[in-house]
Amino acid sequence: MKVLLIWLGKMGQFHLQNLLNINSIEHIYAFDVFPETFKISSTKITYSTQLKDFDTKDFDFVDIVAPTKFHFLYLEKYIRMKKNIFVEKPIVGNKEEIEKLEAIIQQEDYNGKIGVGFIERFNVVSKFLKEELTKRGNPEQIEFFRYNPASTRIWDTGVTEDLMIHDIDLVQAFFENTPIHVVWKNINSDTATALLKADTTNIILSANRITQQKIREIKIYYQDVTIIWDLILWKIEFFHKPETYLSQKWQDLSISYLVDERVLIKNNQLKEELEEFCTIIHGWERKNVADYASSVNGFRVLENILQ
């Protein structure tokens, strides 16, 4: 397979490194307007500061890792060229661009594959959580905490588009085919909190870019158990009601335990995400890569929070 990679900023460099390590990738055409980003030397890479240099090249998909404000520009170009597209989140910058994008897809009768980069779907903790929710049913409440000190990686989006959108996508993944309603929200420039409802489950989202502590936690509350998931430490704890402890002759009610260690082995999330998209292009089943429809639905939830 051949790939066109657009932009080589910090996230673009991560994509380039992982694309080089995917066996099915034969060659990478890499574009950036700044030649100083052409850092990795490989016979598998062709660099250019002119995107038009690659217009006549044959590639299987385009990988868009540009700032969000340029997403629509590149999506329109490659949808009209009938190319498969992987684009980092958020898919576009505003609802007007979503509406234009949907019109272009219909106009062009586009049937290519689109994947959107929500890397958290590939965190092994997230995968295990989805299985647990499927097994136990909808909880009473879920709380998402995503606190990350502001960095130079994201400079053209607010805290909701930068951080909270990841957890909105996880809600989409966990509650498939369930309408998500925004009940309440409070948004500042670098902090945001929202209360959502999915069926009977209350969902609290909290995002923060002024913190000096990096936190990524999900807390799930059932009547008989509280589950705390740390997506940074790859740790999962189950806190059972006292009756559960007593029935198992455990005296210390503060006892918690981790799931099987093999579940918590750290994985290369980005590589797995890009590898799965490569298989989707060849007709394999989509398992975790966010598709166009779910990304648009998530974006509409985000827009409702921002209103």
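Axes here are lines fitted to C-alpha atoms, for helices over the stretch in contact, and the angle between two of them runs from 0 to 180 degrees between N-to-C directions. With that in hand, turn to one helix pair in this predicted model. Helix α3 spans residues 95-107, and helix α8 spans residues 292-306. Their axes come within 11 Å and cross at roughly 155°. Angles over 145 degrees count as roughly antiparallel, so α3 is roughly antiparallel to α8. The crossing of α3 past α8 is left-handed.

Which residues make the contact between α3 and α8? On α3 they are K95, I98, L101, E102 and I105. On α8 they are Y292, V296, F299, R300 and E303.

The largest nonpolar core holds 70 residues. Inside this core, I6, I85 and W229 have the most contacts. Helix α5, residues 159-174, supplies its largest share, with nine residues. A second core is separate and has 24 residues, including L8, M11, L16 and V65.

Set aside its neighbours within four places in sequence, and I6 is in contact with F31, L51, V62, D63, I64, V65, A66, Y74 and Y78. One of these partners, V65, is included in the second core.

How far can the coordinates be read? The mean pLDDT of the chain is 89, and 90% of its residues reach 70 or more. Over residues 249-263, however, the pLDDT is below 50. Beyond near neighbours in sequence, that stretch has 26 contacts in the model. Where pLDDT is low, predicted coordinates should not be read in detail.

Terms used: Residues numbered from 1 in each chain as written. Predicted model: local features only at pLDDT ≥ 70, side-chain atom pairs only at ≥ 80, totals over all residues. Heavy atoms only, no water. pLDDT = per-residue confidence, 0-100. Contact = heavy atoms within 4.5 Å. Core = buried A, V, L, I, M, F, W, Y, C linked by side-chain atoms within 4.5 Å. Buried < 20%, exposed > 50% of the residue type's maximum accessible area, 1.4 Å probe, protein only. Helix = DSSP H or I, 4+ residues; strand = E, 2+ residues; numbered from the N terminus. Parallel < 35°, antiparallel > 145°, perpendicular 65-115°, else oblique. Left-handed = near helix turned anticlockwise from the far one by under 90°.
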